[in-house]
Amino acid sequence: MKKNIFYLLLFSSLIVASCSSDDDTSITPNEFADNTITVDVNGENFSSNNIETALLLSEGRFIRLTAVIATTFDLVSIEIGSINFDDPLLTEGIFSVSENNNNIQYNNFLSAISENPTGTITITNLDIENQIISGTFNGVATNIDGEMVTLTNGTFTNISFLVQ
(Lines give C-alpha, C1' and ligand atoms only; values in the text may rest on other atoms or scores of the structure.)
Protein backbone atom coordinates (compact mmCIF):
# COMPACT_ATOMS: atom_id res chain seq x y z
CA MET A 1 0.00 0.00 0.00
CA LYS A 2 2.82 2.42 0.91
CA LYS A 3 4.47 1.56 -2.42
CA ASN A 4 1.28 2.51 -4.32
CA ILE A 5 1.00 5.81 -2.45
CA PHE A 6 4.65 6.55 -3.18
CA TYR A 7 4.16 5.96 -6.92
CA LEU A 8 0.97 8.03 -6.94
CA LEU A 9 2.75 10.95 -5.28
CA LEU A 10 5.72 10.59 -7.62
CA PHE A 11 3.47 10.54 -10.70
CA SER A 12 1.46 13.54 -9.43
CA SER A 13 4.58 15.56 -8.74
CA LEU A 14 5.93 14.81 -12.23
CA ILE A 15 2.70 16.10 -13.78
CA VAL A 16 2.74 19.28 -11.70
CA ALA A 17 6.44 19.86 -12.37
CA SER A 18 5.97 19.48 -16.12
CA CYS A 19 3.29 22.19 -16.28
CA SER A 20 4.03 25.87 -16.63
CA SER A 21 1.86 28.95 -16.90
CA ASP A 22 2.90 29.58 -20.51
CA ASP A 23 1.94 26.12 -21.80
CA ASP A 24 -0.30 26.18 -24.87
CA THR A 25 -3.06 23.75 -23.90
CA SER A 26 -4.67 23.94 -27.35
CA ILE A 27 -1.92 21.80 -28.91
CA THR A 28 -2.90 18.16 -29.37
CA PRO A 29 -0.42 15.34 -28.68
CA ASN A 30 0.12 15.00 -32.44
CA GLU A 31 0.13 17.82 -34.96
CA PHE A 32 -2.03 15.78 -37.38
CA ALA A 33 -4.65 14.86 -34.76
CA ASP A 34 -8.22 16.15 -34.60
CA ASN A 35 -9.07 13.69 -31.81
CA THR A 36 -12.82 13.59 -32.42
CA ILE A 37 -15.36 10.79 -32.01
CA THR A 38 -18.95 11.38 -33.18
CA VAL A 39 -21.98 9.08 -33.42
CA ASP A 40 -25.77 9.29 -33.53
CA VAL A 41 -27.27 7.32 -30.62
CA ASN A 42 -30.93 6.56 -31.40
CA GLY A 43 -30.82 9.65 -33.63
CA GLU A 44 -29.27 11.96 -31.01
CA ASN A 45 -25.76 13.26 -31.76
CA PHE A 46 -22.80 12.47 -29.53
CA SER A 47 -19.59 14.34 -30.31
CA SER A 48 -16.46 14.65 -28.23
CA ASN A 49 -12.84 15.60 -28.65
CA ASN A 50 -12.20 14.63 -25.02
CA ILE A 51 -10.36 11.37 -25.74
CA GLU A 52 -9.78 9.51 -22.49
CA THR A 53 -8.10 6.41 -23.95
CA ALA A 54 -6.34 5.84 -27.25
CA LEU A 55 -4.01 2.86 -26.95
CA LEU A 56 -2.55 0.42 -29.45
CA LEU A 57 -1.92 -2.79 -27.49
CA SER A 58 -0.75 -6.39 -27.97
CA GLU A 59 2.15 -5.32 -30.18
CA GLY A 60 -0.16 -3.69 -32.73
CA ARG A 61 -3.02 -6.21 -32.72
CA PHE A 62 -5.66 -4.35 -30.66
CA ILE A 63 -6.71 -0.71 -30.26
CA ARG A 64 -9.06 0.90 -27.74
CA LEU A 65 -10.50 4.41 -28.22
CA THR A 66 -12.68 6.07 -25.58
CA ALA A 67 -14.29 9.53 -25.61
CA VAL A 68 -16.27 11.21 -22.84
CA ILE A 69 -18.51 14.28 -22.82
CA ALA A 70 -17.37 16.08 -19.69
CA THR A 71 -20.70 17.77 -18.92
CA THR A 72 -22.88 14.65 -19.13
CA PHE A 73 -20.27 11.90 -18.57
CA ASP A 74 -21.63 10.05 -21.62
CA LEU A 75 -19.03 7.65 -22.97
CA VAL A 76 -18.36 6.06 -26.35
CA SER A 77 -15.71 3.37 -26.66
CA ILE A 78 -14.47 1.43 -29.69
CA GLU A 79 -12.33 -1.71 -29.49
CA ILE A 80 -10.85 -3.36 -32.56
CA GLY A 81 -8.63 -6.39 -33.01
CA SER A 82 -7.35 -9.24 -30.93
CA ILE A 83 -5.31 -9.56 -27.77
CA ASN A 84 -4.00 -12.95 -28.96
CA PHE A 85 -0.34 -12.62 -30.01
CA ASP A 86 -0.84 -15.36 -32.64
CA ASP A 87 -3.30 -13.17 -34.56
CA PRO A 88 -2.18 -10.76 -37.33
CA LEU A 89 -1.38 -7.11 -36.77
CA LEU A 90 -4.21 -4.58 -37.01
CA THR A 91 -4.64 -3.08 -40.49
CA GLU A 92 -7.02 -0.82 -42.36
CA GLY A 93 -10.24 -2.63 -43.22
CA ILE A 94 -13.76 -3.57 -42.13
CA PHE A 95 -14.27 -5.41 -38.83
CA SER A 96 -17.49 -7.05 -37.65
CA VAL A 97 -18.47 -6.58 -34.00
CA SER A 98 -19.28 -10.31 -33.93
CA GLU A 99 -15.58 -11.23 -34.33
CA ASN A 100 -12.53 -11.23 -32.03
CA ASN A 101 -12.71 -8.55 -29.36
CA ASN A 102 -14.37 -5.96 -31.60
CA ASN A 103 -16.85 -3.88 -29.63
CA ILE A 104 -18.77 -0.61 -29.69
CA GLN A 105 -19.89 0.79 -26.34
CA TYR A 106 -22.19 3.66 -25.39
CA ASN A 107 -22.35 4.13 -21.62
CA ASN A 108 -23.45 0.70 -20.30
CA PHE A 109 -24.61 -0.55 -23.73
CA LEU A 110 -22.20 -2.96 -25.44
CA SER A 111 -22.39 -4.55 -28.87
CA ALA A 112 -20.39 -7.51 -27.55
CA ILE A 113 -23.12 -8.66 -25.13
CA SER A 114 -25.87 -8.68 -27.75
CA GLU A 115 -27.21 -12.16 -28.46
CA ASN A 116 -26.58 -11.58 -32.18
CA PRO A 117 -24.06 -8.73 -32.37
CA THR A 118 -24.55 -6.49 -35.40
CA GLY A 119 -22.36 -3.67 -36.56
CA THR A 120 -19.10 -2.83 -38.21
CA ILE A 121 -16.01 -0.82 -37.46
CA THR A 122 -14.02 0.39 -40.47
CA ILE A 123 -10.46 1.61 -40.15
CA THR A 124 -9.92 4.00 -43.08
CA ASN A 125 -6.48 5.22 -41.98
CA LEU A 126 -4.01 3.55 -39.62
CA ASP A 127 -0.74 5.47 -39.53
CA ILE A 128 1.53 3.64 -37.09
CA GLU A 129 4.49 6.01 -37.68
CA ASN A 130 2.50 9.16 -36.77
CA GLN A 131 0.23 7.24 -34.35
CA ILE A 132 -3.04 8.38 -35.97
CA ILE A 133 -6.20 6.36 -36.65
CA SER A 134 -9.45 7.28 -38.42
CA GLY A 135 -12.55 5.37 -39.40
CA THR A 136 -16.26 4.80 -39.11
CA PHE A 137 -18.57 2.58 -37.05
CA ASN A 138 -22.21 1.62 -36.59
CA GLY A 139 -24.18 -1.07 -34.85
CA VAL A 140 -26.62 -2.04 -32.15
CA ALA A 141 -25.57 -2.21 -28.51
CA THR A 142 -27.41 -3.87 -25.61
CA ASN A 143 -27.30 -3.44 -21.84
CA ILE A 144 -27.68 -6.27 -19.30
CA ASP A 145 -31.44 -5.61 -19.11
CA GLY A 146 -31.81 -6.30 -22.85
CA GLU A 147 -32.47 -2.66 -23.78
CA MET A 148 -30.89 -1.62 -27.08
CA VAL A 149 -29.47 1.53 -28.64
CA THR A 150 -28.74 2.06 -32.32
CA LEU A 151 -25.42 3.68 -33.16
CA THR A 152 -25.22 5.23 -36.65
CA ASN A 153 -22.96 7.62 -38.56
CA GLY A 154 -20.10 6.96 -36.14
CA THR A 155 -16.70 8.43 -36.93
CA PHE A 156 -13.35 8.58 -35.20
CA THR A 157 -11.27 11.22 -36.90
CA ASN A 158 -7.49 11.50 -36.66
CA ILE A 159 -7.27 10.07 -33.16
CA SER A 160 -3.76 10.32 -31.78
CA PHE A 161 -2.89 7.07 -29.98
CA LEU A 162 -0.13 5.73 -27.77
CA VAL A 163 1.62 2.43 -28.39
CA GLN A 164 1.99 0.13 -25.39
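**Notebook: strands, core and charged pairs**

I began with R64, which counts as partly exposed because its relative accessibility is 30%. My scale for this calls a residue buried under 20% relative accessible area, exposed over 50% and partly exposed in between, with a 1.4 Å probe and protein chains only. A note on the source: this is a predicted model, where local features need pLDDT of at least 70, side-chain atom pairs count only at pLDDT 80 or more, and totals for chains, interfaces and linings use all residues. Residues are numbered from 1 along each chain as its sequence is written, and side-chain values use heavy atoms, with hydrogens and water left out.

**Entry 1: the charged pairs**

What does R64 pair with? I found a salt bridge to E79, with the closest N and O atoms 2.8 Å apart. The pair links distant parts of the chain, as R64 sits in strand β4 and E79 in strand β5, 15 residues apart. I count a salt bridge when a side-chain nitrogen of Lys or Arg is within 4 Å of a carboxyl oxygen of Asp or Glu. E79 counts as buried because its relative accessibility is 16%.

My search of the whole structure gave two salt bridges. R61 and E59 form one of them, their closest N and O atoms being 3.9 Å apart. R61 has a relative accessible area of 14%, so I put it down as buried. E59 comes out at 60% relative accessibility and therefore counts as exposed.

**Entry 2**

Next I walked along the strands. I take helices (H or I, at least four residues) and strands (E, at least two) as DSSP runs, numbered from the N terminus. Two strands pair if DSSP finds at least two bridges between them.

Strand β4 covers residues 62-68. It is largely enclosed by the rest of the structure, because six of its seven residues are buried. On one pairing, β3 and β4 run antiparallel and are joined by six bridges, with T53 opposite T66. On the other, β4 and β5 pair in the antiparallel sense over seven bridges. There I noted T66 opposite S77 and A67 opposite V76.

I then checked the turns. The β3 and β4 hairpin has four residues between the strands, and S58 there takes a positive phi near 50°. The β4 and β5 hairpin has six residues between its strands, and F73 in the turn has a positive phi of about 65°.

Is S58 buried or exposed? At 12% relative accessibility, it counts as buried. I use contact for heavy atoms within 4.5 Å. Beyond its neighbours within four places in sequence, S58 touches S82, I83, F85 and Q164.

β5 spans residues 75-81 and is mostly covered, with six of its seven residues buried. Four bridges join β5 to β7 (residues 103-106), and these two run antiparallel. V76 has Y106 as its bridge partner in β7.

Rings of Phe, Tyr and Trp (its six-membered ring) pair if their centres lie within 6.5 Å; planes under 30 degrees apart count as stacked, over 60 as edge-to-face and the rest as tilted. I found two aromatic pairs in the whole structure. F46 and Y106 make an edge-to-face pair, 6.3 Å centre to centre with 90° between the planes. This pair links distant parts of the chain, from F46 in β2 (residues 44-48) to Y106 in β7, 60 residues apart. Both F46 and Y106 are buried.

**Entry 2: the core**

Which residues touch the most other members of the largest nonpolar core? They are I80, I133, F137 and F156, in a core of 30 residues. The strands that each supply at least two residues of this core include β1 (36-41), β9 (118-127) and β10 (132-142). β11 gives the most, with four residues. By nonpolar core I mean buried Ala, Val, Leu, Ile, Met, Phe, Trp, Tyr and Cys residues joined through side-chain atoms within 4.5 Å.

Leaving aside neighbours within four places in sequence, F137 is in contact with residues including I37, V39, V76, I78, I104, I121 and F156.

**Entry 3: the whole chain**

Last, I noted that the chain has one helix and twelve strands. Buried residues make up 38% of its 164 residues.
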